Amino acid sequence: MFLINASLSIPWRCIQLSAIRAQGAGGQNVNKVSSAICLQVDLNQTPMPSAIRERLYALNDSRISANRILTIKAQSHRTQEKNKSDALERLKTIFIKACHKPKYRVATKPTRGSVERRIKAKTQRSSVKKMRSKNHFD
């Protein structure tokens, strides 16, 4: 089991790791060695609470495909081991972000005093601007 936090873990059978060739610069070594890691998680098969699943889909992450497969490609390091740990760490951060329940916002109204102070300040500012004009008739 891959532990995300105290309440959530993913079975290793749901995580698919494969070594691929990295893109970009690296000389001849990049053509010979498969050092990049492609991590795929089928979110439909992963056991997790429905609330976390919905928040995960609501993230609108481009790494989640239409058939609910999360794909992470790690290729920033030169070794497979570092890329593997980087991919698993990124998987962990995605799930932690989905586990975070958004705070419920309670709508409030401004107090009567604050509304009156705002309107009074606006009228004072308006009168100052009227006095600056060339033709003031008040």
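In this predicted model, the structure holds 0 aromatic pairs. An aromatic ring does, however, take part in a contact with a charge: arginine 68 lies over the face of tyrosine 57, at 3.8 Å from the ring centre. Arginine 68 belongs to the loop between H2 and E5. Its backbone has a positive phi of about 65°, although arginine 68 is not a glycine. Because its relative accessibility is 32%, arginine 68 counts as partly exposed.

The strands considered next form an open sheet. Its 3 strands follow the order E3-E4-E5, and their pairing is antiparallel. Strand E3 (15-20) and strand E5 (69-74) are the edge strands, each of which pairs on one side only. On average, neighbouring strands of this sheet are turned by 20° against each other, direction ignored. In general, strands of a sheet pair through backbone hydrogen bonds, in either a parallel or an antiparallel manner. Here, E3 is joined to strand E4 (residues 36-42) by 6 bridges, and the two run antiparallel. Within E4, cysteine 38 is the residue that stands opposite serine 18.

Helix H3 (residues 80-99) lies across E3, E4 and E5.

In soluble globular proteins, nonpolar side chains tend to be buried together. The largest nonpolar core of the model has 25 residues. Those with the most contacts inside this core are Leu39, Leu43, Leu56, Leu70, Leu91 and Phe95. The elements that give two or more residues to the core are E4, helix H2 (50-58), E5 and H3. H3 provides the largest share, with 7 residues. The surroundings of leucine 56 can be described individually: when residues up to four places away in sequence are not counted, leucine 56 touches Leu43, Met48, Ile64, Ile94, Phe95 and Ala98. Of these neighbours, Leu43 and Phe95 are also listed with leucine 56 among the residues with the most contacts inside the core.

A further helix, H4, spans residues 112-132 and includes serine 127. Serine 127 counts as partly exposed because its relative accessibility is 36%. Between serine 127 and isoleucine 72, the separation is 55 residues in sequence and 61 Å in space, taken from C-alpha to C-alpha.

Definitions and conventions
Residues numbered from 1 in each chain as written. Predicted model: local features only at pLDDT ≥ 70, side-chain atom pairs only at ≥ 80, totals over all residues. Heavy atoms only, no water. Phe/Tyr/Trp six-rings, centres within 6.5 Å; stacked < 30°, edge-to-face > 60°. Lys NZ or Arg CZ within 6 Å of the ring centre and 35° of its normal. Pairing = 2+ DSSP bridges. Helix = DSSP H or I, 4+ residues; strand = E, 2+ residues; numbered from the N terminus. Axes fitted to C-alpha atoms, helices over the stretch in contact; angles between N-to-C directions. Contact = heavy atoms within 4.5 Å. Core = buried A, V, L, I, M, F, W, Y, C linked by side-chain atoms within 4.5 Å. Buried < 20%, exposed > 50% of the residue type's maximum accessible area, 1.4 Å probe, protein only.
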